Amino acid sequence: MIKLIRRSILMAGLVMPLIASGEPPQEVPAPDGVRQGGTLSQTAEAPPLANVRSSMRRPTRNYPEQPPMIPHTIRGYQVDTNFNQCLSCHSRSATEVSGAPMVSITHFVDRDGQTLASVSPRRYFCVQCHVPQHDIDPVKVSTFKGVDQVLEDIIKRGE
């Protein structure tokens, strides 16, 4: 956080004199983050798309209420107010043919607790919670522990 504040102060110090002089600030270097900073006038090349980690096995959930991850690519899937391509395999009526798991029964309940015949609008946009996994080197190493590891650590400590 302190690094971010320092960068913001540095950037303000670099940009403000240019704005005050009437010069456009396009050539002020941006701070490096996940990608190289560059400047506003530069066009940075987009990083290559990472491969989707796909397997026939469903990834283990790290805690009971975790939304399941998507074990296949969804690139090019149409999910908008008019059509949800996910439901062409995961809807109640399509699972017999597709073999895909059906949308959770919780997705048929609206915000007032009423059970609906179709997926609730609040659960319609799948990628709000569900994501495919990619084969990439993480930008930052995660220290997240699944509930099984947390319980194992507690048992080891004798709490």
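## Pockets and an annotated site

The largest pocket has a lining made up of 22 nonpolar, 14 polar and five charged residues. Keep in mind that this is a predicted model. The volume of this largest pocket is about 1,100 Å³, and P68, M69, H90, P101 and H130 are the residues that lie nearest its centre.

| Pocket | Volume | Lining residues | Lining by class |
|---|---|---|---|
| Largest pocket | about 1,100 Å³ | 41 residues | 22 nonpolar, 14 polar, five charged residues |
| Second largest pocket | about 270 Å³ | 14 residues | 10 nonpolar, three polar, one charged residues |

In the second largest pocket, the residues that lie nearest the centre are P48, L49, A50, N51 and H134.

Now to the annotation. An unreviewed UniProt entry places a "binding site" feature at H107, C126, C129 and H130. These positions are spread over 24 residues of sequence, yet they cluster in space, with a largest C-alpha distance of 12.7 Å. From this set, H107, C126, C129 and H130 belong to the lining of the largest pocket.

C129 is placed in the loop between helix 3 (95–98) and helix 4 (147–157), and H130 lies in the loop between helix 3 and helix 4. Is C129 buried or exposed? C129 counts as exposed because its relative accessibility is 52%, and the cut-off for exposed is over 50%. H130, in contrast, is buried, because its relative accessible area of 16% is under 20%.

What surrounds H130, leaving aside its neighbours within four places in sequence? H130 is in contact with P67, P68, I70 and H107.

How values were computed
Residues numbered from 1 in each chain as written. Predicted model: local features only at pLDDT ≥ 70, side-chain atom pairs only at ≥ 80, totals over all residues. Heavy atoms only, no water. 1 Å grid on protein atoms, 1.4 Å probe; cavity = no way out; pocket = protein on both sides within 12 Å on 5 of 7 lines; lining within 4 Å. Points joined across faces, edges and corners; volume = space filled by probe spheres on them. Nonpolar A, V, L, I, M, F, W, Y, C, P; charged D, E, K, R; others polar. UniProt positions renumbered as here; feature names shortened; annotations may be inferred. Helix = DSSP H or I, 4+ residues; strand = E, 2+ residues; numbered from the N terminus. Buried < 20%, exposed > 50% of the residue type's maximum accessible area, 1.4 Å probe, protein only. Contact = heavy atoms within 4.5 Å.
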